[in-house]
Amino acid sequence: MTLTIIGAGYVGLTSAVVYAELGHTVYLARRSIEKLEALKRGEVDFYEPGLSEAVRDTINRGTLRPTTDLAGAVSDSSVVMICVGTPPREDGSADLSQVFAVAETIAPLLADHTVVVNKSTVPVGTGEKVEAIIQKRLSKQSTMSVASCPEFLREGTALADLRNPDRIVIGTESIRARSALLELHRPLPGKRVVTDRRSAELIKYSSNAFLATKISFINEIANLCDEVGANVDDVAYGMGLDPRIGSAFLHSGIGYGGSCFPKDTQALHSIALEHDYEFKLLKAVIEVNQAQRRQFIRKIKKTLGEVRDKTIGVLGLSFKPFTDDIRQSASIDIVRWLHDQGARVVAYDPQAEHKAMQEIPRLQVCPVAEEVFTGAHAVLVLTEWPQFRCLPWAACKQGMISPIVFDGRNMLDAQHMREMGFQYYSVGRP
Ligand code: UGA
């Protein structure tokens, strides 16, 4: 099939690559010639494992076709996908201006019977609004349909998630769109969930909100573990063995971040309010997540007292490992708090240093992880990059002023850390 993807962020670019790998012809619309040329060289604006290589491969195969000729691409396609951002507005609701702008632009360009697919995360009812915008500007002879196909990929494992989805959700009332989208995804594994457009839109928000709920739940259990002297790792393991609960997303720490969970939980809460429904559980999930960072800060204050003029080493800046994304990163919040309190922060992250320095210009970063220990009054582990486990911790300790480690991701072995002589604190582990 021939499709056009509009939006070259995490969802747009990675989806374009995977549809191109399946053998479809995929036009990827780009506005600037420079960005187009960079993409052709495999240069990607963000770090995602394997993506540059996959972009180069699919371009060389001729199935991925970055282009600035939007009109040519759209009129040649039977499917057009909208994959643009839906950032949060001040009040937490989703800003749909980019989605609507794309709808206006593509409307006069669509060939007859085109299926317009919305892959951006959007509030329930957006499909209808997009359809209305397009209908107004559609050429008289054409028909089209708007479907919802939400995306469930995670940053850091985006390509693997797209190549092996657990489910493909197709939300449409149109028989023609349904068969086109079933055909488009035919080579991929995973269950097909064919439903109406509104339910598809809600599946996306509900999935993210439920995962966020699991995280906030286990974080509250971790806080309780701290009070009663239990171990959250064992509690989560014991709970997760029940298949009705499942072990995924029961890892406690300093809370969730990123461009999705914080934004989507807020947006779902706003959607409910717009319909006069107060989603109490979700409100609590959001509050618990915000409080979790403060809880960790309280722990630091309790042990170190004043942090003014102290040197604090930080391991990890991104919101999760295997990405350079620092949006809503708990680590960035904690670094900001340390700076506000007058501490000197020395940080290391394998990928996110550049973006973190743009965000916090006074941040001091090190080229290697070992350097954050030198002269430090304490080291904080704030992102669970697996390589932090393999650091020569005992040797690193020698350079510290006081051997104190706060592990905000519960990634190190508490007993081993203490045997090496560290004063070690984590979240919900005695
Ligand atoms: C999330 C969802 O997992 C994807 O399915 C979804 O497609 C995506 O949002 C989206 O809406 O685009 P992502 O934000 O990339 O993916 O990352 P996750 O792996 O879900 O992690 C989110 C945050 O939760 C991270 O800060 C992570 O550290 C935290 N987390 C995750 C925990 O604190 N504990 C856990 O047990 C799991």
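## Around the ligand

In this predicted model, α9 gives the most residues to the shell around the ligand, namely 3. Helices are DSSP runs of H or I with at least four residues, strands are E runs of at least two, and both are numbered from the N terminus. The shell counts 20 residues, of which Phe152, Leu153, Glu155, Lys204 and Asn208 come nearest; a residue is near if one of its heavy atoms lies within 4 Å.

Where does the ligand lie? Domain 1 (2-195) and domain 2 (197-430) both give residues to the shell, so the ligand lies between them. The domain bounds come from an automatic or database domain assignment.

A polar backbone atom of phenylalanine 152 is 2.8 Å from an oxygen atom of the ligand. For leucine 250, a backbone N or O atom lies 3.4 Å from a ligand oxygen.

## A look at asparagine 410

Asparagine 410 sits in the loop between β13 (404-407) and α16 (414-419). With a relative accessible area of 5%, asparagine 410 is buried (under 20%, using a 1.4 Å probe and protein chains only). Its side chain reaches the backbone oxygen of valine 427 at 2.8 Å.

## How to read the values

Residues are numbered from 1 along each chain as its sequence is written, and side-chain values use heavy atoms, leaving out hydrogens and water. Local features need pLDDT of at least 70 and side-chain atom pairs count only at pLDDT 80 or more, while totals for chains, interfaces and linings use all residues.

Notes. A polar contact is a pair of N or O atoms within 3.5 Å; within protein, one must be able to donate a hydrogen and the other to accept it, and residues adjacent in sequence count only if both atoms are side-chain atoms. Buried means under 20% relative accessible area, exposed over 50%, partly exposed in between (1.4 Å probe, protein chains only).
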